[in-house]
Every structure is written in structure tokens, then in C-alpha cells.
Amino acid sequence: MSSIWRYLQIAPEELRLETTLKCGQSFRWKVSGENEWSCAFKGRLVTLRQMSSGISFRTYPINSTVSSSTSSQPEQKTRQTEKDLDSVYKFLHDYFQLNLNLSECYARWSAVDPNFAKVAQQFQGIRILRQDPVENLICFICSSNNNINRISQMIEKLCRKYGKKICTLNNEDYFDFPTLEKLARSNVEEELKKLGFGYRAKYISQTANYILNNISDGEKWLFSLRNASYKDAHSSLLRLSGVGPKVADCVCLMSLDKQNAIPVDTHVWQIAKREYGFDTKPGKSPKTLTNRMYEEISDHFRTLFGDYSGWAHSVLFAADLKVFENRHETASMNDNKLGDNGLIPLDKTFSSTKKTLISVKPKNKDLLIEPVKKKIRKNYT
């Protein structure tokens with residue numbers, strides 16, 4: 001049985017699925033068709049399709065086996081209630097935080113940072129996902145000394161082992177993310193080690209047990225951190241096993257509404273040194289990222305980009321990933337013509353329009369640290 005497609009009106013420069021879903025925020029979305037991605041959430045499978053003027057979406061019945069190419073069944077068999085359709089729409093609107101005008105943010109960030117303006121031309125539509133804090137936390141505990149592909153493989157194993165099967169689509173099984181209760185079982189650590197989680201197995205088990213056994217209404221407590229200050233939420237997360245400053249910042253940014261949280265990992269550190277003057281003494285640069293340097297880099301990006309600085313930082317992060325290294329350095333709207341089926345080709349990227357990318361001359365040179373300011377003066381004065 002096939003579900004009917006519904007429409008979410010959102011311009012491509014406001015949301016690009018193939019970038020947003022592959023840039024290391026969420027690790028469970030799978031390509032399920034041409035320009036289609038699918039993922040299981042809380043008992044339902046959601047499929048998204050990037051179109052020329054928006055996103056189409058549909059859901060499938062639990063425990064069903066379906067094909068994305070199957071034509072819709074008669075209406076009485078496939079029609080979902082208005083209440084269910086409204087629920088899916090509201091979920092997606094919240095998940096992608098569609099209340100934010102991303103084009104206006106890109107314009108503002110481009111105006112204060114020429115490096116962002118250059119990167120933004122090939123990396124439009126990257127939104128921060130508002131994820132379930134439990135899933136977000138466990139996934140980023142797995143991110144320690146890891147890469148996106150391997151994290152995705154580990155999370156797939158985790159869901160297959162402890163999650164509930166929701167649907168089979170195109171011969172691919174989809175599972176819900178496991179509950180804390182499942183991850184707190186006494187044998188989880190050993191089972192995860194057998195699945196290749198290494199030392200992360202202990203962190204997952206300990207964190208699940210700590211939240212359930214030491215905090216009243218532990219899962220609700222995680223959600224309640226959305227209402228806490230950034231400082232309080234960050235420090236609260238640091239109490240958990242396997243959570244350091246970077247993991248805490250990832251959870252703050254991607255599930256706890258702390259839009260100015262700046263996770264700093266090796267990618268961001270290299271960007272800061274290469275583009276923002278944090279490597280002024282190459283012979284004396286620290287070989288590892290110190291806590292002091294972490295804070296300095298985070299503070300710099302917050303000062304530079306202002307509101308929603310965590311979003312701006314994530315665009316720079318995505319542009320530095322190997323998965324996107326083959327994108328063209330320059331692009332134009334003419335290079336992004338739709339295929340005959342009206343879909344946006346996966347290997348194309350919308351370039352910035354005049355409305356989105358305004359002058360890249362910084363409005364406030366004091367926002368940049370000294371080595372970068374000198375370069376700006378040379379280029380613009």
C-alpha cells in the first residue's frame with residue numbers, strides 16, 4: 001500500500017535536503033529514491049522528496065512493506081486523516097525549524113564575512129535540525145573519534161538491535177530509535193562492544209542508566225533543557241558519561257534550541273586556523289585543541305555572526321566535509337535546470353541570488369581578529 005504525497009512549500013535556497021541530511025547532524029536518513037530520503041520517527045516512516053519549489057512528503061503505515069514507485073491505491077485505502085496529515089506537517093515544520101528565514105540569515109552572515117559569502121554560493125539551504133534530545137545525545141556520544149559514515153553504520157546497528165521495526169520500503173528495513181529503557185539494560189554494553197562500538201558502548205550504557213536512575217523523569221529532563229540557559233544546559237550535559245564540550249554543544253545546537261552553540265571539532269579548528277587567523281604562529285601552534293582555544297574559536301564565531309551563529313558555523317563545517325568536496329567552485333542558476341521529472345539533480349547546487357548574497361564587504365571589521373582584518377583592508381580599501 002502506498003501513501004499519497006503531500007506538499008511543503010519551501011524554496012530550495014531555504015532547505016536543501018541532500019546537504020542538510022548529509023552534513024553530520026542526523027545519521028538515520030537513507031536515500032530511498034531519486035531525490036528522496038526516508039527515516040523512521042516515533043512509529044511512522046517519513047519520506048521526503050526535493051522538488052523545484054518545495055518538499056513533498058508522505059508516510060507509510062506501520063509494519064507495512066512498500067515500494068516508493070508503487071502507484072497510489074484507491075483513496076479509501078490510502079487517504080490519511082486530516083489530523084494525521086496536520087501532525088506530519090507540524091512535525092516537519094518543527095524538525096526543519098521553518099519559521100526561520102534562512103536567506104535573510106545568509107545575507108547577513110555574508111555581509112560580515114567574505115569567507116562565508118564564498119562558501120554560501122555552493123552550500124545554500126543548510127538548516128539546523130531540531131531533533132529528539134535522546135537520539136541526538138546518543139548519536140553524538142558515538143561521534144567521538146569517528147566519521148559520518150561510520151557513525152551512521154553504528155546508529156543503524158543500534159536501531160536494528162534495540163529499536164522497533166516500523167516499515168520496509170524498497171526492500172530496506174526502517175527502525176525507530178531505541179528508548180532509554182532499552183539502552184539501560186544490563187547487557188547492553190557487552191552487546192554493543194560485539195557490534196563494534198568499542199569504548200562508546202560503556203558511555204551509552206552509563207548515560208542511559210544515569211538519566212533513568214538518577215534524574216526524576218529523565219527523558220523529560222532532557223527536553224526541559226530547551227528552556228534552560230545555554231550555560232546551564234551545557235553544564236548539565238557535561239555530567240553525562242561520554243559527553244565533553246563538543247558533544248554538549250552539538251546537543252545544545254541540534255536539539256535544545258541553543259542557536260548560538262558552536263561545536264568545535266578538528267574540522268572547525270582547521271577552518272579557524274586556515275580562514276580566521278587562529279594559526280598566526282605556525283611553529284608554536286598547539287598540536288591538540290585546548291579548552292582555551294575551543295572557547296576562543298566559539299566566541300569568535302558568536303561575535304562574528306551574531307544571532308544563529310551556530311547555523312552559520314554549520315555551513316562552514318559542511319563545506320569542509322569530504323563528502324561535498326566535488327562540488328563546483330562556482331555555480332549558476334542555469335547549471336541547475338530541473339530534469340524532465342521536475343526534480344532537482346542531486347549533484348547540482350543552487351547558486352546564491354542577488355537577494356541572498358549582498359555585498360561581502362564587512363560592515364564591521366572589528367568583528368574579525370587582527371590577521372584577517374589586515375587581509376580585509378588590503379582587499380577592500
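Where is the place of lysine 42? Lysine 42 lies in the loop between strand E3 (36-41) and strand E4 (44-50), where helices (H or I, at least four residues) and strands (E, at least two) are DSSP runs numbered from the N terminus. This is a predicted model, in which local features need pLDDT of at least 70 and side-chain atom pairs count only at pLDDT 80 or more, while totals for chains, interfaces and linings use all residues. Residues are numbered from 1 along each chain as its sequence is written, and side-chain values use heavy atoms, with hydrogens and water left out.

**Backbone**
- Lysine 42 is not a glycine, yet has a positive phi of about 45°.
- Tyrosine 308, also not a glycine, has a positive phi of about 60° and sits in the loop between helix H15 (291-305) and helix H16 (309-319).

**Exposure**
- Lysine 42 is exposed, with 67% relative accessible area, and tyrosine 308 is partly exposed at 24% (buried is under 20%, exposed over 50%, partly exposed in between; 1.4 Å probe, protein chains only).

**Largest pocket**
- The largest pocket has a volume of about 1,200 Å³ (the space filled by probe spheres set on grid points joined across faces, edges and corners).
- Its 46 lining residues include Asn146, Lys246, Asp265, His267 and Phe317, the closest to its centre.
- A pocket is an open set of points on a 1 Å grid over the protein atoms alone, where a 1.4 Å probe fits, with protein on both sides within 12 Å along at least five of seven lines; lining residues have an atom within 4 Å of a point.
- Helix H13 (245-255) gives the most to the lining, with five residues.
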